[in-house]
Amino acid sequence: MQENISDILTKIGYPSDLRALPESQLEDVCAALRKFIINEVSAHPGHFASSLGVIELTVALHYVYNTPYDRIVWDVGHQAYPHKILTGRKDKFSTLRQMGGLCGFPTPTESEYDTFAAGHASNSISAALGMAVASKLEGEDRKVVAVIGDASISGGLAFEGLNNASSHPNDLLIVLNDNKMAIDKNVGALYNYLIKITTSQRYNQLRYKAYTTLRRYNLMKDSMRRAVIRFNNSLKSLFSRRQNIFEGLDIRYFGPIDGHDVVSLVHFLRKIKDLKGPKMLHICTVKGKGYEPAEKEATIWHAPGKFNPETGEIIKENSEGMPPRFQDVFGKTLVELAEADKRIVGITPAMPTGCSMNFMMERFPDRTFDVGIAEEHAVTFSGGLAKEGCLPFCNIYSSFMQRAIDEVIHDVALLNLHVVFCLDRAGIVGADGPTHHGAFDLVFFRAIPNMIVASPLNEHWLRRLMFTATKVNGPMVIRYPRGRGSEVDWQCPLEEIEIGKGRCLKQGSDVAVLSLGPIGTEVTKAIAIAQQKGRSIAHYDMVFCKPLDVELLKEVFAKFSHIVTVEDGTVKGGFGSAILEEANSQCYKGKIDCLGMPDSFVTHGTVSQLYGLCGIDAESIAQKLI
């Protein structure tokens, strides 16, 4: 048996090969997938626990549905590794998240089996609903399945999709992968009995006959159809003594069922596959299933890095003598500020560990709020807190903040509320790729009235900007990147700095470089290289993108005929554009070169590789200066 388990994946190149196998081999396929993922991710780091939790579901879906003609839409891509392996990418899996290799998330540019982009949460239901409605309009007998986790379904977009699911003719199936949140706590005998009744061929034949009879007599109008569905749901609620939001939205609900019984999942999916109208299948799974360390501590094993697959020991980098991560400096500084200022509260949308808000949670649990995957709510909730006298530090990854710009404008900036937005993962993030690069925050935040926008060169300036943010009278943005800074001794005194003031880091006579944020460390290296070629380069850390230091720029424009701007963000509309606008207003006649991320979506790779690709690494900047 063990030999079969080891060899069975060699028989599967694509889902058509999987569907050629007998059901009796599906458990072996799952075991082989689990072993393959454990071994590969231990050596080539990526997201781990989530994918182990959906192996049986992935196998069942590709076994029952005719993919890629039938569509599977994944919500987020953390859980899609088994899907990638079964859809022609097993031999390339060792290149995952590496430059030129497989993307860490499903993307249609990589495979026809990846039906939609899946880097951010909560979009699967809306996208899948659009596909299902389009299939109806085109007369296609295509099945569409959305797979969404219990955390992602808390997002506002997911609820908007659910609310609209019954408004248009479609046969969408939504699979709710419940691996933490107990929507229905017990999987009882009575509920299992009801599942068998409601999914049996006899039950659905009777239901269909009732439907066709009502339709024959022209009684199945929209209001009647909804009444019949509600009556059916009421009967189930009566017998089970349960109600749920999905049936209240006229979505037929089935479950919860065991998401790790692959054969039962296959049988169940076959029974509901051809049912008409939108449907919800609720499955219960365990993150990290089949790998004991990951089952016990799913958060740690979400993306553990390299580890020993035999012992479960995570291979940690030797950080002794290294600067701390920006996120940890944020988290520890926030606690320091909160101890001195009782107004301060912390808000994060489902990433307290990722952004180090967990330090605040441990010290001040009553003043820290994890609102789930709901960035829009996080922003407006912060606005409400600020309106009543609190001082919210709202920490959201830069790429996720894109989802909440309307709320920033309407619910914070318009009212000039004192909310501090701390944008983690600003700029190039590395292996997570284009869905996660924080490329656009400078563009949209500097266009918003009342907004202060700043970025620290290092950890000292992050602390100073956070302290300064407590003293302003309106909203302020502080952006900083993923990873470590440059200051080992990071615990400098908390000092207020003047809003809108930059500083000269180095005098020079040939070219002036204006940088914003930690990318300035690459500029410092580039200047050292250029100096060896006889060039005299001045370096200015502008600190603020809005407001700009106009007086400092007057001096720079008067002294230099060639200026280079450098930013870790898109050059279209960002920091460089702000400098160009000011140069135009001051009638500057010299040359300005703007370096940053190009007007295209940057691929995945290491941060240093992608800096080089974008021309903002030290060598590339130096060549521009020389």
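## A partly exposed asparagine and a buried arginine

N450 is partly exposed, with a relative accessible area of 42%; buried means under 20% relative accessible area, exposed over 50%, and partly exposed in between, using a 1.4 Å probe and protein chains only. N450 is found in the loop between α20 (441–446) and β10 (452–454). Its phi is positive, about 70°, although N450 is not a glycine. Helices (H or I, at least four residues) and strands (E, at least two) are DSSP runs, numbered from the N terminus.

The structure is a predicted model, in which local features need pLDDT of at least 70 and side-chain atom pairs count only at pLDDT 80 or more, while totals for chains, interfaces and linings use all residues. Residues are numbered from 1 along each chain as its sequence is written, and side-chain values use heavy atoms, with hydrogens and water left out.

R97 also has a positive phi, near 70°, in a residue other than glycine. R97 lies in the loop between α6 and α7 and is buried, with a relative accessible area of 15%.

## Two cis peptide bonds

A cis peptide bond joins T67 and P68, with omega about 10°. P68 is found in the loop between α5 and β1. The peptide bond from G255 to P256 is cis as well, with omega near 5°, and P256 has its place in strand β4.

## The five-stranded sheet

Strand β4 belongs to an open sheet of 5 strands, whose order is β1-β2-β3-β5-β4 with parallel pairing. Two strands pair if DSSP finds at least two bridges between them. The edges are taken by β1 (71–74) and β4 (252–258), each with a single partner strand, so one side of each is left without a neighbour in the sheet. From one strand to the next, the twist averages 20°; axes are lines fitted to C-alpha atoms, for helices over the stretch in contact, and angles run from 0 to 180 degrees between N-to-C directions.

Strand β3 (residues 173–178) and strand β5 (residues 279–284) run parallel and are joined by 6 bridges. V175 stands opposite L281 in β5.

## Strand β16 and its partners

Strand β16 (residues 562–570) is mostly covered, with 9 of its 9 residues buried. On one pairing, 4 bridges join β16 to strand β13 (residues 511–515), and the two run parallel; here L514 stands opposite T565 in β16. On another, 6 bridges join β16 to strand β17 (residues 591–597), again in parallel, and V564 stands opposite D593 in β17.

Together, β16, helix α24 (residues 575–585) and β17 make a right-handed β-α-β unit. A crossover is right-handed if, with the strands pointing away from the viewer, the path from the first strand over the helix to the second runs clockwise.

The axes of helix α5 (residues 55–64) and helix α6 (residues 81–89) come within 9 Å and cross at roughly 40°. The two helices are therefore oblique to each other; angles under 35 degrees count as roughly parallel, over 145 as roughly antiparallel, 65 to 115 as roughly perpendicular and the rest as oblique. The crossing of α5 past α6 is right-handed, a term for a near helix turned clockwise from the far one by less than a right angle, whereas anticlockwise gives left-handed. I55, T58, V59 and H62 in α5 meet P82, H83, L86 and T87 in α6, where contact means heavy atoms within 4.5 Å.

S135 lies in helix α7 (residues 124–137) and is buried, with a relative accessible area of 2%. Leaving aside neighbours within four places in sequence, S135 is in contact with E140 and R142.
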